[in-house]
Amino acid sequence: MAPDIAPGNKEHSAVVPDIVPGDKEYSAAVPDTDLEYTERLVDVPDDSLLLQTAVLPVPVLPDTEADTRQPADHMQMAAAAEEAGTVSEEEKFSFKDVKNILINPGFWLIALLCVLFYSCVFPFQKFASELMITKYGINENVAGTFAGLPALGALILTPVFGGFIDKRGKSASIMILGAAMLIGVHFIYAIPAINYWLVAIGLMIILGIAFSLVPSAMWPAVAKIFPVSQLGTAYALIFFIQNIGLWGIPTLIGKVLDLYCIVGKKADGTNLYDYTIPMCIFTGIACLSLVVAFMLKRADKKFGYQLEEPNIQK
């Protein structure tokens, strides 16, 4: 039972306000303390009686600073730290970093290699199934499976080649090898007289190997060319340039197909294309990627990017 609270009680002396009829609850503060008690008027079965009970005072303990700190407080503290100049320079974004990336010769070489290489793979895969059917006579039910071999090869082989580069290095040389393989694939596809279906499947397998070699060497090389403070910005700029190529090359190939490569109509009324000219375009782009890969290896020797060194140093 809660103790009685009377005006003369020394331990719980409080000025209790008058009870207004009809009020069910009111609060009063205990003088000289941070305590508070609440009085409730509880109706008993006999309407003529009112039982007045009090809830014991409950002290309100102050929360610690760590408990009361809200996410907004952390943001305010971070802003204050930045204004005070206590934030590390590496944590800030700076347009000076963008400038330093753009004047780095390694950036333009790795970005050009990226856009040229992927422009020879992804746009080609968009019509690879049609090429398998019209030129090599492969059944349309399995043409899509053969056209997907490069992606399957990359799925299996990229971790293998990545592990080799981590332990043995030779990133620049592997990028040269991958670009050279890409030239051979597109050049043979461009020769009209070579139309045997086993050749087409073999070329797709070689394309899958090239599609594993170059990315497994190229993307880790970015981390060697740029310091950690510029790495995220460098990747973003490389992807930006890559997407320009992935937009422009399919547009170019589509224009060429519509203007120069229509050789007839299919039974369903759609156009029948000769893909010799597009494959020659892909061969030319692959040759440019090989030139850039050689230039990157030369820049590695000149600027000391250590692309030929293992990623894991013992």
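Where is lysine 170 found? I started there and found lysine 170 in the loop between α7 (149-168) and α8 (171-190).

**Ground rules**

I noted that this is a predicted model, in which local features need pLDDT of at least 70, side-chain atom pairs count only at pLDDT 80 or more, and totals for chains, interfaces and linings use all residues. Residues are numbered from 1 along each chain as its sequence is written, and side-chain values use heavy atoms, with hydrogens and water left out.

Most residues other than glycine have a negative phi. Lysine 170 has 42% relative accessibility, so I put it down as partly exposed. For that I use these cut-offs: buried is under 20% relative accessible area, exposed is over 50%, and partly exposed is in between (1.4 Å probe, protein chains only). Glutamine 306 also has a positive phi, near 65 degrees. I found glutamine 306 in the segment after α11 (276-303).

**The whole chain**

I got 11 helices and 5 strands for the chain. These are DSSP runs numbered from the N terminus, with helices (H or I) of at least four residues and strands (E) of at least two. Of the 314 residues, 36% are buried. The chain exposes about 18700 Å², and carbon and sulfur atoms supply 63% of that; the area comes from the Shrake-Rupley method with a 1.4 Å probe, and for residues only the protein chains shown count as cover. I also checked contacts (heavy atoms within 4.5 Å). Among those between residues at least 6 apart in sequence, 66% join residues at least 24 apart.

**The core**

Which residues have the most contacts inside the largest nonpolar core? I wrote down Ile110, Phe124, Met175, Tyr189, Met218 and Met279, in a core of 73 residues. A nonpolar core here is a set of buried Ala, Val, Leu, Ile, Met, Phe, Trp, Tyr and Cys residues joined through side-chain atoms within 4.5 Å. The elements giving two or more residues to this core are α4, α5 (122-134), α6 (140-147), α7, α8, α9, α10 (228-260) and α11. Helix α9 gives the largest share, 14 residues. Leaving out neighbours within four places in sequence, I saw isoleucine 110 in contact with Met175, Met218, Ala221, Val222, Ile225, Ile238 and Leu296.

I then took a look at α8. Its 20 residues reach 29 Å from first C-alpha to last, close to the 28 Å expected; that expected span is 1.5 Å times one less than the number of residues. Since 14 of its 20 residues are buried, α8 is largely enclosed by the rest of the structure.

**Aromatic rings**

I counted 19 aromatic pairs. Rings of Phe, Tyr and Trp (its six-membered ring) pair if their centres lie within 6.5 Å, and planes under 30 degrees apart are stacked, over 60 edge-to-face and the rest tilted. Phenylalanine 117 and tyrosine 118 pair edge-to-face, at 5.5 Å centre to centre with 80 degrees between the planes. Tyrosine 118 also pairs with phenylalanine 211: the centres are 6.2 Å apart and the planes at 85 degrees, so this pair is edge-to-face. Tyrosine 118 lies in α4 (residues 105-119) and phenylalanine 211 in α9 (residues 197-225), so the pair ties together parts 93 residues apart in sequence. Both tyrosine 118 and phenylalanine 211 are buried. I noted one aromatic cluster formed by Phe117, Tyr118, Phe122, Phe211, Trp219, Tyr235 and Phe239.

**A salt bridge**

How many salt bridges are there? I got 1, taking a salt bridge as a side-chain nitrogen of Lys or Arg within 4 Å of a carboxyl oxygen of Asp or Glu. Glutamate 130 pairs with lysine 266, with the closest N and O atoms 2.3 Å apart. Glutamate 130 is in α5 and lysine 266 in the loop between β4 (262-265) and β5 (271-273), so the pair ties together parts 136 residues apart in sequence. Glutamate 130 is partly exposed at 21% relative accessibility, and lysine 266 is partly exposed too, at 29%.

**Cysteine 261**

Last entry: cysteine 261 lies in the loop between α10 and β4. I have it as buried, with a relative accessible area of 1%. Not counting residues up to four places away in sequence, cysteine 261 touches Val256, Leu272, Tyr273, Asp274, Ile277 and Pro278.
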